[in-house]
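Hi,

Here is the structure I said I'd pass on.

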Amino acid sequence: MAFDVKNEAAHGDDVESVHEALLWRDNGWTARVVKNEDDDGWAVAMTRQGESEPALVGPWTMGRDKKNPKPLDVSAFNVLVKTASEVLRRAEQHRHAMLNRSVTVSGDGGTVTVALEIVPDEYESYAVLSARDAFGEELASCRVRPDFKLNSASASAWVEDGFRKPR
């Protein structure tokens, strides 16, 4: 199965649409039906354009002869795009949740939202601790260790200490 790729120098990353029985490429996605290595069935891999790894790999339906895969069609492709997009969205939400936390505490001047944003880095990760008032105005910000534990107690202590860098 050869890829029908346009001249990338003239068209950037544009890739020509392909609508074949086992390969469907359109709207920035590629669906490829492949033999399932684990059993006698078939699988479909959904890969977003520009990515090296599929976002989604799942079982694919057998055709009427119970031997060959069912051919891809526009409806199946659209469902696969929607599902793969949702998988990527959830993975991004999970990553965001792992790297960002916030707690709202009461201070002398009202409520303060204290946030911790972890900045991953291959050599030296760090985190940024910040405080915002009820109107979203930044009150303070400082760099802390990426393993800083943000909770109500540590946020309150930071606010009460005048936003001095935590130890």
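**Salt bridges and the sheet**

The structure holds six salt bridges. Keep in mind that this is a predicted model.

Let me start with the pair in helix α2. Glu86 forms a salt bridge with Arg90, with the closest N and O atoms 2.9 Å apart. The two residues sit four apart in helix α2, so about one helical turn separates them. Glu86 is partly exposed at 27% relative accessible area, while Arg90 counts as exposed at 53%.

Then there is Arg164, which meets Asp161 in a salt bridge at 2.8 Å, N to O. Arg164 is exposed, with a relative accessible area of 55%, and Asp161 is partly exposed at 37%. Back in the other group, salt bridges with shared partners tie Glu86, Arg89 and Arg90 into one network.

One more for your list: the side chains of Glu138 and Arg132 form a salt bridge at 3.9 Å, N to O. Glu138 is partly exposed at 46% relative accessibility, and Arg132 is partly exposed too, at 37%.

Now the sheet. It is open, with five strands in the order β1-β2-β3-β4-β5 and antiparallel pairing. β1 (18-19) and β5 (56-60) are the edge strands, each pairing on one side only. Further in, β3 (residues 29-35) and β4 (residues 42-48) pair in the antiparallel sense over seven bridges, and Arg32 stands opposite Ala45 in β4. Helix α2 (residues 74-99) packs on this sheet, touching β2 (23-26), β3, β4 and β5, and its direction makes about 105° with that of β3.

Cheers

Note on methods. Residues are numbered from 1 along each chain as its sequence is written. This is a predicted model: local features need pLDDT of at least 70, side-chain atom pairs count only at pLDDT 80 or more; totals for chains, interfaces and linings use all residues. Side-chain values use heavy atoms; hydrogens and water are left out. Two strands pair if DSSP finds at least two bridges between them. Contact means heavy atoms within 4.5 Å. Axes are lines fitted to C-alpha atoms, for helices over the stretch in contact, and angles run from 0 to 180 degrees between N-to-C directions. A salt bridge is a side-chain nitrogen of Lys or Arg within 4 Å of a carboxyl oxygen of Asp or Glu. Buried means under 20% relative accessible area, exposed over 50%, partly exposed in between (1.4 Å probe, protein chains only).
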